[in-house]
Amino acid sequence: MHIAQAAPLTEAIPPKLYGGTERVVSWLTEELITLGHEVTLFASGDSVTSARLDAVWPRALRLDGSVRDPNALHMLMLEHVYQRAAAFDFLHFHLDYSPFALFSRQPVPCVTTLHGRLDLPEHQPVFDMFSSIPVVSISNSQRRPLPQAQWVRTVHHGLPEKLLQPKPIKPSYFAFLGRIAPEKGIDRAIRIAQHCGVPLKVAAKVDTVDREYFDEQIQPMMKAAHVDYIGEINDTQKSEFLSGAIVLLVPIDWPEPFGLVMIEAMACGTPVIAFNRGSVPEVIEDGLTGFIVEDINGAIGAVDRLGHLSREKIRRRFEERFTARRMAQDYLAVYRRLTDKVAPHLRLVADDAPAL
């Protein structure tokens, strides 16, 4: 198949540092090529890919201070994909609902993976209007606010099997990884570590929108608790960071659509203690790859049970459930299913056409 992957322009593919959606698009693209498919990637010009790169803007928008209206550039990219659509067997979008209006009016089969939260009230009229557009969820819990959407499958994220691996390091601290924001629960992670008397290392970015929260609320907590704040780290640093952790703390307070950090920890054999929100019960197997808890007290209690878990078994469950190869195969099944739905209609039109 010749497949188009349309990615956000916010980060390069793959991102230099943080960027969940963009990393997933990169892993999916590379696996599809390994499986023998032809892929064109619509993304920022500083992306690095084995696919054909079609760039409408030279740099990732988060690193380009000259861009004040990213929506304009995403609209430009969608029109560019639309003009080229006939060259592809399948179109796969990672741009939330932005493609719906334009691509519901063209014949090439397509699907949109919804990567974000879907529980906002303004989503309801959008998905009422576009209830026939095929969409993929990244967890079953993500679907719940929008039963009217045309869900075709849930495809859990996966990462390359050898990207992150266990390192022979003696675990000595609790870890927090990803992004510092109120919903991610960094304040709760600090309290858990403090109560247990274990050092906490934080490898996380701070978005501009969360800078005031970090400066006024979290930094003072970190200083008082002697937290080791590392900042953002890239994939080459994560194996060592996670392998050295006794546990990854995921004390979230929002309906997390997936949570890549959980499977990154599993890839390193590191157990996860996560709050029972969003996708957590679909990703973490309680008592096998970590513990699912309801609150801070539950997390503190779970720390005492970490010794019952096998880091080798955690890594094995990652290999069985959350590799990029499995993710790519799941998406190929979606592509074929939706292509088969379109093909009979095209054959019928051809058969009914008058002879020339």
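What follows is a short exchange on a predicted model.

Visitor: What pLDDT does the protein chain average?
Guide: The average is 94, and 96% of the residues score at least 70.

Visitor: Which residues have a pLDDT below 50?
Guide: Residues 345-356 do. Beyond near neighbours in sequence, that stretch makes 0 contacts in the model.

Visitor: What is the hand of the crossing of α6 and α11?
Guide: The crossing is right-handed.

Visitor: Which residues make the contact?
Guide: From α6 come Arg188, Arg191, Ile192, His195 and Cys196. From α11 come Ile296, Ala299, Ile300 and Val303.

Visitor: How do the residues of this contact divide into nonpolar, polar and charged?
Guide: There are 6 nonpolar, 1 polar and 2 charged. Arg counts as charged, and α6 brings Arg188 and Arg191 to the contact.

Visitor: What makes the pair Arg23 and Glu264 a salt bridge?
Guide: Their side chains meet at 2.3 Å, N to O. The cut-off is within 4 Å, so the pair qualifies. The structure holds 25 salt bridges.

Visitor: Where in the chain do Arg23 and Glu264 sit?
Guide: Arg23 is in helix α1 (residues 20-34), and Glu264 is in helix α9 (residues 260-267). They are 241 residues apart, and the pair links distant parts of the chain.

Conventions:
Residues are numbered from 1 along each chain as its sequence is written. This is a predicted model: local features need pLDDT of at least 70, side-chain atom pairs count only at pLDDT 80 or more; totals for chains, interfaces and linings use all residues. Side-chain values use heavy atoms; hydrogens and water are left out. A crossing is left-handed if the near helix is turned anticlockwise from the far one by less than a right angle, and right-handed if clockwise. Helices (H or I, at least four residues) and strands (E, at least two) are DSSP runs, numbered from the N terminus. Contact means heavy atoms within 4.5 Å. pLDDT is the predictor's confidence in each residue, from 0 to 100.
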